[in-house]
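User: Hey, can you walk me through this model? I'd like to go over some loops, a helix and a pocket.

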Amino acid sequence: MKGTLLLVAAAIWTWNILAAERTTIVVDASSSIGPVNRNLFGHNIEAAGRINNIKYGQGLWNAETRRSNPAIVDAVKKLGIGMMRYPGGCYVHSFDWRQFTGPLAQRGDRQFGIDEFITLCHDLGAEPMITISDYVLPADEMPGHAAALVEYLNSPATPEHPWAMKRKEWGHPEPYGVKWFELGNESDHGNHGAKCGFAERRYTPEEYVDYAVKTAKAMRQVDPSIKLGVVTRPGAGNDYDCKWNMVVYRDAVPIADYLVVHIYGPGIDGNDSSGNFKSCMAYGEQLTERLTKYRELSRQLGGKDLPLTITEYNVDHNTDKPLPYRFTYTAGLLCADLMRIFHDPSMQIANAEYWHVANGWWGMFDTRGDAIVKRRAALPFFQLWGEHFDGSLLKVEVQNAIRCEAPSTRSLIQSQGKIKIMPEKIADITLPSFSLNATYATKLPSELISFKIDGINKESYPAITSFTRPESAVNGIAWCYRLNFEARFLTDDSSARNKVSLGVGINDLRGYDKTKSGAGIMGVEKACDWQPFSCLFQTSADCPGAVLLLKIEDGNNPYTGKIYHPATGTLEVRNLKVELVSPPSYPAYQGLTSTASLSQDGKTLHLIVFNKSYDQTIESAIELKSFAASKAESWTVWQKDVNSLDYAAPVQAMVKLPPQGETLTIKFPPHSMTAIDFKE
């Protein structure tokens with residue numbers, strides 16, 4: 001296989017005049033569009049993960065030697081890491097930073113604390129980013145809690161700064177100068193019932209803004225130079241105009257330095273292997289448009305055009321069935337191509353952190369002690385980025401690239417036609433009689449359903465009604481259902497609205513477990529009086545119909561296990577309507593994408609090329625302007641099976657340059673990433 005790939009990846013040249021419609025990559029070495037931002041090569045690390053028995057710094061920290069693991073740190077350095085985010089994702093909700101400082105003998109299992117994290121960042125040469133807890137203390141105590149952390153990190157060790165004096169006492173006299181903080185982590189979904197002295201807690205958008213504004217003020221009083229981010233609702237990028245985000249844009253953007261966005265998309269298990277791959281490759285173009293909406297809305301509603309930080313990103317799949325898609329070659333190529341988009345200066349992305357680098361449920365490699373024991377398919381993509389991209393970004397144009405179609409899947413519009421921003425209504429769906437078990441609901445007048453929530457202590461998804469695909473929705477085309485209703489939650493329990501999460505969903509008739517296809521609206525429990533709700537469900541092309549269901553959910557904390565807090569009340573839903581609307585569509589995606597940089601000494605031009613076609617080798621001419629290459633070398637990541645979970649080292653090859661005045665062409669294998677270093 002290696003010999004074949006070398007032939008495919010190697011450059012060829014010809015004396016003949018190529019066709020006018022050939023694919024050409026044009027790189028202008030005299031046109032710098034900004035520096036390469038190393039903070040886009042970021043990763044996540046958790047303070048106290050337990051998966052695979054890795055307790056401290058997810059394998060990067062050795063609690064016995066009280067230093068980083070050299071071999072693992074060296075491996076992460078090769079990824080070009082520029083930023084490390086701590087102390088984790090949902091672990092942040094119950095993270096009390098004070099318990100992660102002080103003498104190690106008094107910390108128990110909390111051996112990878114604030115000071116150890118900063119030391120690790122110094123060893124890696126990475127900028128630290130710290131996420132401030134949103135739920136660990138009562139809301140009125142959070143501003144002071146966060147301000148004390150800034151004092152511990154950044155203030156001089158003088159008597160007027162008692163926490164900085166403690167830092168000095170514990171062996172760290174000099175301020176750390178941490179600049180990057182984000183206010184909470186995915187705060188819209190609550191604390192997952194974390195065992196932090198409270199029952200389930202979940203901010204409304206307005207409550208989150210109050211927390212963010214007051215906490216930001218307190219932190220800046222300690223250090224005005226810090227950069228603070230406010231969090232949007234996590235997802236696939238298509239929730240940019242949800243209620244949570246709209247409130248954040250309007251009321252939190254004025255006090256923020258950046259918007260935090262988490263991207264998990266697209267849903268990678270809704271089609272066969274080729275369909276999943278094509279959907280992933282189409283995702284970048286659609287995500288690009290969605291990300292611009294965050295900034296547009298922040299400018300319109302909050303008066304500031306904030307940059308974005310993508311502090312978590314990966315594919316949308318979090319189970320091992322039918323296989324752990326998050327570890328597949330397809331997922332790695334997707335994330336690598338997203339990094340190309342993040343580097344586009346017009347996107348205004350300040351930093352990005354892959355979820356995540358080592359061990360745990362998502363790590364791209366596993367460790368034991370100071371050794372890497374397993375490498376996964378995503379790793380070589382990050383190696384190419386880290387080892388073959390630096391200096392200044394260059395202007396790149398890909399001319400006459402082929403276009404590829406992709407089917408729809410979760411969070412992805414079918415990629416084949418013209419863009420339709422607003423779906424057009426086709427027909428109303430006549431809903432059959434409600435079939436919900438009387439234990440949960442009583443049908444009142446035709447426009448009202450009453451759901452009695454009486455101490456339910458488990459996640460429940462009882463069906464309300466179902467219907468088949470109407471004749472007007474031609475089979476083989478992905479259509480959309482638009483769900484509209486009004487709802488309110490009545491309860492005498494003042495804490496019930498924080499104990500349970502209620503909503504209405506619409507799923508594929510064949511079942512969500514089988515198709516992973518559906519949409520829903522949560523947070524209805526916060527509605528004290530009638531409020532309108534709406535969502536759009538894009539079906540798969542072979543969807544036979546849909547089912548409406550009540551959604552009753554509660555805490556699911558990966559660190560403490562499922563914790564349920566029974567709640568009592570009545571959910572009332574009225575004017576429940578479903579409409580069939582024409583499916584949105586998107587142009588076929590570009591099959592060949594590229595970016596380039598010029599080394600700081602100006603002697604190496606780095607070109608990175610993605611062939612995003614599933615099965616087609618793409619030949620492209622390479623035109624370098626204002627750069628005379630004397631030699632070139634390529635590294636290609638390619639595997640035959642796009643579902644492969646295994647690491648495959650990049651294949652290295654010398655590029656044969658043509659005589660002066662002739663055209664260099666290169667054949668890029670299907671579903672591949674290639675890095676080429678041209679040297680003067």
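**Loops, a helix and a pocket**

Analyst: Starting with a loop, Ser644 sits in the one between β33 (631-637) and β34 (651-655); strands here are DSSP E runs of at least two residues and helices are H or I runs of at least four, numbered from the N terminus. Keep in mind that this is a predicted model, where local features need pLDDT of at least 70 and side-chain atom pairs count only at pLDDT 80 or more, while totals for chains, interfaces and linings use all residues. Residues are numbered from 1 along each chain as its sequence is written, and side-chain values use heavy atoms, with hydrogens and water left out.

User: Is Ser644 buried or exposed?

Analyst: Ser644 is buried, at 10% relative accessibility. Buried means under 20% relative accessible area, exposed means over 50%, and partly exposed is in between, with a 1.4 Å probe and protein chains only.

User: And what does Ser644 touch?

Analyst: Leaving out residues up to four places away in sequence, Ser644 touches Phe327, Thr328, Tyr329, Ala377 and Gln639. Contact here is heavy atoms within 4.5 Å.

User: Where do you see a positive phi in a residue other than glycine?

Analyst: Glu186 has phi near 45°. Glu186 is in the loop between β8 and α6, and it's buried, with a relative accessible area of 10%. Asn575 also has a positive phi, near 55°. Asn575 belongs to strand β28 (residues 568-581) and is partly exposed at 34%.

User: Switching to α6: what span should it have?

Analyst: Helix α6 has 18 residues (205-222) and should span 26 Å at 1.5 Å a residue, where the expected span is 1.5 Å times one less than the number of residues. The end C-alpha atoms are 26 Å apart, so the two agree.

User: Which residues of α6 are buried?

Analyst: They are Pro205, Tyr208, Val209, Tyr211, Ala212, Thr215, Ala216, Ala218 and Met219. In general, an α-helix has 3.6 residues a turn, so residues three or four places apart point the same way.

User: What covers the buried residues of α6?

Analyst: The cover includes β7 (127-132), α4 (142-154), β8 (180-183), β9 (227-231) and α7 (243-251).

User: Now the second largest pocket. Which residues are closest to its centre?

Analyst: The second largest pocket holds about 510 Å³ of space. Of its 21 lining residues, Arg340, Ile341, Asp344, Val396 and Ser594 are the closest to the centre.

User: Which elements supply at least two residues of that lining?

Analyst: α8 (273-302), α9 (329-342), β15 (392-399) and β30 (592-598) each do. β15 gives the most, with six residues.

User: How do you define a pocket, and its volume?

Analyst: On a 1 Å grid over the protein atoms alone, a pocket is an open set of points where a 1.4 Å probe fits, with protein on both sides within 12 Å along at least five of seven lines; lining residues have an atom within 4 Å of a point. Points are joined across faces, edges and corners, and the volume is the space filled by probe spheres set on them.
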